[in-house]
Amino acid sequence: MFRAIQISIRIPLVAFAVLIAETGHAQSVSQAGAMRPVAGLATNDPIRQVAQPVGLLRAELPGGSIRACTAAIISDGYILTAAHCAVDALSLTTIFGHGQESAKFAVTRPIEINKDRDYAVLEVEGTPSRQFNAAKLLLRIPVKGESAFILAVNTDGEQTISRNCSVLGTNDRGLVLHDCDTTAGSSGALLFSANDLAILGLHMGPADTRSNQASAMYSIALESDLIRNIATIRPSTTPIIDFRTVGGKPGEIASDFKRLYLSLYNDGRLPLKPYQVGSFTSIEDAFRSNQLFYGSPFPLELDSIACDVNPNVCTRERVAATLEELKSGVYIRDVIPDTGRPSGMSKPSGGKWSVAPSTSLWLPSIRFEQQRGWVVYRKRAGQEISEIVREFGACDQFDDQCKNLILGMNRNQAERLNRDYTGTVLLPKVSFSARDIDISTASEKGAGPTKEIKPVSSEQTGPLILRASEAAPGKTSQSSDSDYRVLQVPAEASISTGLDGVLKSLGSTASGSARIEQNSRWQPRCNGNEAGPCELDPIDFSELQKRFLDGVNFPYRTLVDFPPAVKTQAKRLGVIDTRLELGHCAFDHLRTANRLKLIGTTIISNPAPMSAGHVPCKWIMPNGKIDPGVHGTHVAGLMVGKISDQSWGLNPFATLSAGQIETTTIGQQVKVSSLELAKLLGNMLDEAGSAGGLDVVNLSMFYQKESITPVGPGGAGSRPRGDPVLDVIQSGAGYWTLFVVAAGNDGEDFTAICDMRPACLDLANVISVAALDARLPDCSQEMLGEAIMGAGCMLRCPEPISWA
């Protein structure tokens with residue numbers, strides 16, 4: 001029987017399946033939102049696509065009665081429905097599709113049942129998502145008054161829809177109240193937003209005689225790690241992280257390196273490879289000469305690790321670690337059995353090395369890069385800036401070049417460099433980073449050739465076994481075929497911290513990949529093939545231009561009206577996006593005046609050609625031909641663009657630093673390294689430092705930190721804690737810069753946690769901007785949601801247009 005039990009099992013999923021259903025006590029509350037057959041909708045209606053994973057859940061109860069509910073597929077083998085639909089059932093069966101194309105799938109076991117939130121995640125046999133797709137768990141906070149609809153299945157197995165209804169609000173239990181009509185079989189149905197197809201709630205039943213109620217889906221996601229990870233996080237197939245030092249002084253940098261090596265080594269995740277050593281002087285010199293360690297002093301723990309993976313040329317004293325040392329993580333895990341220490345964990349100790357010339361040593365297989373970073377330093381009166389800078393080591397000497405760079409990054413406030421100054425000052429530091437470190441264990445990487453190393457110590461009873469790893473499928477990582485990992489760990493030391501423990505230990509030094517999306521997904525009125533109705537001659541643009549200028553309340557209606565201070569003291573602006581068409585005619589004036597600064601690998605690319613017979617920059621491009629992928633081009637144009645005297649941005653006299661971030665597309669998702677995004681942003685700010693820094697940077701996209709999970713079944717996804725982009729904005733090169741960022745969740749997953757970065761960051765130098773379309777009610781905090789910090793009421797825009 002499926003009893004009402006509370007189960008919380010973390011299972012990595014690539015997809016998710018949701019089943020939604022309702023018992024017979026539901027009632028009709030609105031004739032306007034009466035149930036209609038989904039089959040009656042037009043074949044090109046997007047709701048028909050959304051309805052594919054919705055099916056019937058049949059529960060056989062004691063006594064032979066049948067309870068009918070609704071269900072929707074959300075992954076390969078999981079469904080979501082109301083908890084009361086599964087309670088006390090002798091058996092559960094799901095049915096998807098219609099007529100001859102229908103298929104049955106038996107429910108094999110419950111994964112989570114939560115009576116308080118009235119939801120249940122159930123496992124089904126087979127993979128129904130292959131035939132009927134899976135519902136996308138796009139979650140956000142419901143907006144009072146917004147249009148909604150419910151997709152349900154009645155007791156006859158017919159898909160039905162109740163539309164032209166709305167969200168009425170929430171009650172004191174946090175349940176979503178709505179007036180969508182329901183019928184027998186609707187429990188467990190999903191309540192959708194008619195505006196963006198976001199899933200607002202999981203239908204429960206009637207609230208009173210005038211309204212129905214649903215459990216808020218974002219609240220369910222906050223309650224359930226499993227659903228939250230599925231809804232907002234797509235685990236990759238291999239645990240790959242990026243690493244960066246966060247400390248500024250040599251001792252802090254050395255500590256960051258120690259944390260990296262010790263955390264990975266003690267959990268069997270440190271990649272190794274042989275290094276040829278011509279003339280051995282010390283293990284510290286071997287690390288430094290191969291660019292494997294920076295900072296000072298050299299940690300004793302690294303000596304111990306290197307000694308243990310080179311037992312043929314090194315021995316050391318091994319004393320069992322104390323309980324306090326085990327709790328603090330300051331221990332070295334044995335990699336081969338030791339008869340004198342059954343615990344399998346020892347204190348760090350110095351190695352006794354005997355290395356002949358031209359010997360190969362096994363050392364970490366990680367490649368580091370050095371770059372300049374910035375740190376917000378709390379200066380005290382009496383401290384000399386030159387001494388502090390030399391301690392951080394970013395400048396070889398405190399010469400005019402270094403001093404001018406620091407002045408520029410501090411907005412030329414020279415008093416901050418005085419001896420008597422007390423307060424914050426932005427100073428350069430040395431930073432080290434490594435991309436794409438594969439932190440899989442030997443068992444997770446699968447079979448491969450092994451190497452045995454016989455120890456010289458008689459206390460160690462067996463050889464050290466290293467096994468080669470394979471490159472992660474579908475991703476290029478640093479790890480190559482020559483990378484090895486420790487395979488054999490004694491049974492006595494089998495306790496593992498696991499991936500989550502490793503990431504917790506690494507803290508903010510480790511970051512991962514992020515989903516990245518531009519804040520734009522337009523629904524055009526036309527397809528762009530029309531010759532006239534969708535295209536406007538420039539003479540018709542004057543009215544649209546007036547409406548735009550009225551909307552943003554910009555005071556200067558002609559270029560002549562700009563005050564001399566704006567023209568002569570031009571601001572320095574920056575924009576980062578996934579695609580920038582900097583060859584557009586709107587930026588001709590920037591290129592001519594050398595006011596367009598390309599950052600990193602950004603190049604000048606040209607926009608798509610106009611239709612035959614239409615001259616570029618003389619006609620407005622049809623809405624249907626605007627590519628949402630060039631949203632960054634439009635943002636840059638609004639900031640600094642200019643097309644003769646017909647149209648211009650907010651400040652056409654400014655200098656623009658432009659950065660295009662390289663992305664990787666995996667399936668339907670666009671991903672980027674958080675470290676690479678931070679590096680691009682940091683370089684943009686750094687290059688502008690000598691000129692006084694950037695005044696404003698626009699990030700016209702947002703990113704979500706992703707979870708990683710070990711290879712193989714049963715691995716739990718974990719999110720790296722580090723966010724290098726946040727560090728740049730909050731306490732790095734962006735400390736004195738204003739960031740204007742996209743706040744919308746335009747078609748993206750949402751939870752009440754800080755997923756929409758950097759818009760959700762509550763920082764003094766971050767402004768989150770939301771644009772509302774004409775379908776939404778007047779601007780209010782309730783509509784934007786409390787998770788969007790500092791978002792003001794912006795203009796309600798007409799359908800988008802673009803100069804081409």
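Two strands are taken as paired if DSSP finds at least two bridges between them. Helices (H or I, at least four residues) and strands (E, at least two) are DSSP runs, numbered from the N terminus. The model is predicted: local features need pLDDT of at least 70, side-chain atom pairs count only at pLDDT 80 or more, and totals for chains, interfaces and linings use all residues. Residues are numbered from 1 along each chain as its sequence is written, and side-chain values use heavy atoms, leaving out hydrogens and water.

Strand β34 spans residues 655-660. Strand β29 (residues 572-577) pairs with β34 in the parallel sense, over six bridges. Here Gly-574 has Ser-657 of β34 as its bridge partner. Strand β30 (residues 596-598) also runs parallel to β34, joined by three bridges. Leu-596 stands opposite Leu-656 in β34.

Helix α6 (residues 250-266) packs against helix α8 (residues 300-308). The angle is about 40°, and the axes lie 10 Å apart. Axes are lines fitted to C-alpha atoms over the stretch in contact, and angles run from 0 to 180 degrees between N-to-C directions. Lys-258, Tyr-261, Leu-262 and Tyr-265 of α6 meet Glu-301, Leu-302, Ile-305 and Asp-308 of α8, contact meaning heavy atoms within 4.5 Å. By class, this contact has five nonpolar, no polar and three charged residues.

How values were computed
Ala, Val, Leu, Ile, Met, Phe, Trp, Tyr, Cys and Pro count as nonpolar, Asp, Glu, Lys and Arg as charged, and the others, Gly among them, as polar. Buried means under 20% relative accessible area, exposed over 50%, partly exposed in between (1.4 Å probe, protein chains only).
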